[in-house]
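Colleague: I am new to this structure and would like to learn how to read it, one feature at a time. Could you take me through it slowly?

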Amino acid sequence: MTGVQLVRDEPTAVDPLRDLGLHHGPDGPTLRVWSGAATSVDLVIDDAPQERVVPMRRDAHGVWTGSDPRLTPGRRYWLRADGHPKSALGVVTPFDPKVNLLDPYARGLGRTGRGEWRGVVVDEAFDWGGVEKPLTPLDHTVVYEAHVRGFTRLSPHVPEDLRGTYAGLAHESTIAYLTNLGVTAVQLLPVHQHVDEQRLVAQGFENYWGYNTLSYFAPHAGYASRDAQLAGASAILREFKGMVRLLHEAGIEVWLDVVYNHTAEEGEDGPVTSLRGLDGSYYRHDAEGRPIDVTGCGNTLDTSLPAARRLVLDSLRYWANELQIDGFRFDLAATLGRGADAVFSPDDPLLTAIRDDAALAGVKLVAEPWDVGLGGWQTGNFPDGWSEWNDRFRNRARDFWLRDVADARAGGAARNGLGSFASKLSGSSNIYAHDRGPLAGVNFITAHDGFTLADVVAYDQKHNLRNGEENRDGTDDNRSFNHGVEGPTDNPWILDARRRASRNLLATLLLSAGIPMITAGDEIGRTQRGNNNGYCSDDEISWVDWQLDDAREALLADTKALIRHRRENPALRPVRFGTQGRVTLSATDMSWFGDDGLPMAADAWNDPHRRTLQYLAASTPETEEFNRVLVVVHGSETSVTVTLPEAPGVSGYEPLWTSGDVFDPAPKKPGAGHDLHGPTVTLWRVS
């Protein structure tokens with residue numbers, strides 16, 4: 001290793017953290033990397049059969065620079081760093097000049113014969129063919145959360161060598177399925193290059209979900225086709241770009257689930273692969289230099305550090321512009337909003353910088369608004385311009401359709417009145433500030449973690465023994481109901497109740513204000529056999545099963561119909577919250593009625609014995625035609641006859657859809673009775 005070589009300070013007007021990573025500079029291909037703690041950093045280039053070592057020069061801002069003409073596509077390179085192991089603040093950096101480190105900005109990765117990772121220079125050239133981003137408005141958005149491998153691994157319509165790959169996701173049969181379903185965006189579980197945790201490797205498992213990032217710039221090689229993997233990092237990158245282009249051609253956006261809260265270097269005894277070997281201050285520590293972990297994964301990226309904050313921003317810019325990604329869902333996003341004091345603030349510089357960055361204009365931003373640290377639950381507290389996963393929507397919908405029904409069977413009353421359920425139908429205004437509107441919430445019934453839709457109506461308890469943790473892993477707060485038997489059954493009454501509950505949950509999701517998110521396979525009854533934490537199951541437990549029986553085909557048809565009705569009825573998808581007594585464009589004018597057709601009385605909202613609600617929604621047009629619908633909800637296994645409400649301007653009701661067993665297409669007049677038998681949602685267009 002060599003000593004520190006200072007270069008002349010840059011003018012103060014120049015961003016000291018500009019052009020990190022590999023770029024073409026005045027001296028040819030040039031690598032810039034930040035380490036404030038190192039006393040020397042070497043750039044090492046694979047110049048087989050030898051290594052080419054380039055001593056890097058440090059400037060006054062801790063940025064190290066090295067250039068070499070050999071840094072051309074296909075060339076492997078890495079870093080070695082040395083320095084004092086402990087900083088003045090007590091932060092430890094395990095410097096070892098014999099350890100090979102990854103460039104944090106490497107856009108391609110490859111492995112040596114010994115399985116060690118190396119950066120690879122990639123060929124960025126790609127013909128986008130003039131295809132542009134779909135730019136789907138948020139109020140028209142229906143998100144489909146999917147796993148690249150799991151979505152097509154069992155698809156009989158995708159060529160076998162492409163199943164479970166980027167190319168398989170972009171196959172014409174896959175795209176036809178997505179477009180016929182009606183979703184507008186696929187949200188992919190992590191596709192940054194990730195690796196398995198040491199614990200999982202020791203147990204013989206692997207990290208299927210991918211929340212263990214090795215590189216924030218390189219696409220995960222394991223999701224590329226075999227041919228692309230053999231051809232190298234540039235071919236993997238081209239296959240990923242080709243997937244995005246084909247989905248965009250079909251009008252489908254591509255969103256990524258990104259994990260900027262921690263890395264694969266795990267805890268203090270974890271592997272040293274990149275950031276930790278360059279500068280331990282990339283990770284969060286207290287005043288005594290002790291690690292702070294608010295992610296539960298062993299380390300926490302300290303985004304109050306300018307270099308770490310810049311790493312996140314540069315990664316987002318790269319994926320949004322060079323790879324044309326349309327949106328990002330930020331895993332444990334509360335972590336990214338913690339300042340130097342480790343306290344969350346909606347005005348945190350990183351959260352506002354992501355929102356205000358001109359290079360990210362038009363990109364959708366979705367927060368998972370919590371982490372495991374003190375003050376970590378922040379649903380509703382993110383700044384304007386961000387949307388958030390609405391866990392309260394999930395909880396209330398499951399309570400209403402599942403736990404309340406289960407409690408009623410046991411002779412008890414509902415846990416809540418209709419008021420909290422109505423607030424979720426209408427956009428969760430009790431959670432999100434008025435100026436943010438209903439599109440601040442991403443509504444969901446299920447997600448990758450937790451029960452699938454088929455399992456939430458079939459299991460009271462999790463069944464995670466196969467995960468090797470004696471059923472301790474996974475949440476116990478499932479708010480599920482097995483309807484009488486735990487797991488599989490051939491009892492026709494139980495099966496009918498489960499199917500109806502699934503339809504009611506899907507209807508609640510797709511007829512509510514906000515941004516709906518469907519988990520891949522829920523629309524066709526995918527089961528994980530009661531496992532609510534399939535993170536380590538890269539097998540049939542997690543993959544989508546495409547062998548459909550009549551019941552699964554029927555659920556798919558209902559899902560398609562609900563998405564179509566959402567698309568065709570703008571009253572169901574307001575952009576703004578309305579204000580009492582005022583007309584607000586692109587809001588929804590809401591009127592609420594009981595089963596008697598009369599306006600809901602104030603004391604009725606909190607009465608746990610009331611289980612029937614009628615929701616008359618009228619759009620306030622700004623860009624679409626006027627539209628009005630009636631949603632009728634009955635959350636009880638007892639029958640009821642509702643009186644359809646009489647309201648100004650309403651001359652009749654045309655039935656569009658029902659979760660009940662029988663659909664009656666006959667229109668009805670205001671004041672007419674309508675029979676509901678068991679838990680039911682019905683949708684009517686108002687004339």
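Modeller: Let us begin with one cysteine: C297 counts as partly exposed, because its relative accessibility is 31%, where buried means under 20% relative accessible area, exposed over 50% and partly exposed in between, with a 1.4 Å probe and protein chains only. This is a predicted model, in which local features need pLDDT of at least 70 and side-chain atom pairs count only at pLDDT 80 or more, while totals for chains, interfaces and linings use all residues. Residues are numbered from 1 along each chain as its sequence is written, and side-chain values use heavy atoms, with hydrogens and water left out.

Colleague: How many disulfides does the structure hold?

Modeller: A disulfide is a pair of cysteine sulfur atoms within 2.5 Å, and the structure holds zero of them. For C297, the nearest cysteine sulfur is that of C536, 14 Å away, which is too far for a bond. C536 itself is buried, with a relative accessible area of 6%.

Colleague: Which residues have the most contacts inside the largest nonpolar core?

Modeller: In soluble globular proteins, nonpolar side chains tend to be buried together. A nonpolar core is a set of buried Ala, Val, Leu, Ile, Met, Phe, Trp, Tyr and Cys residues joined through side-chain atoms within 4.5 Å. The largest one here has 151 residues, and those with the most contacts inside it are Y144, F151, F240, L256, F328 and F330. Helix 8 (residues 306-322) gives the largest share of this core, nine residues; helices (H or I, at least four residues) and strands (E, at least two) are DSSP runs, numbered from the N terminus. Leaving aside neighbours within four places in sequence, F328 is in contact (heavy atoms within 4.5 Å) with residues including L256, L316, W319 and V363.

Colleague: Why is helix 11 largely enclosed by the rest of the structure?

Modeller: Helix 11 (residues 418-425) is largely enclosed because six of its eight residues are buried, among them L418, F421 and L425. Its buried residues pack against helix 10 (391-409), helix 13 (492-510) and strands 18 (588-593), 19 (612-619) and 20 (628-634).

Colleague: At what angle do helix 13 and helix 14 pack?

Modeller: Two packed helices are described by the angle between their axes and the distance between the axes. Helix 13 and helix 14 (residues 550-568) pack at an angle of about 20°, with their axes 10 Å apart. They are therefore roughly parallel to each other. Among the residues that meet are R499 and L506 in helix 13, and L555 and D558 in helix 14.

Note on methods:
Axes are lines fitted to C-alpha atoms, for helices over the stretch in contact, and angles run from 0 to 180 degrees between N-to-C directions. Angles under 35 degrees count as roughly parallel, over 145 as roughly antiparallel, 65 to 115 as roughly perpendicular and the rest as oblique.
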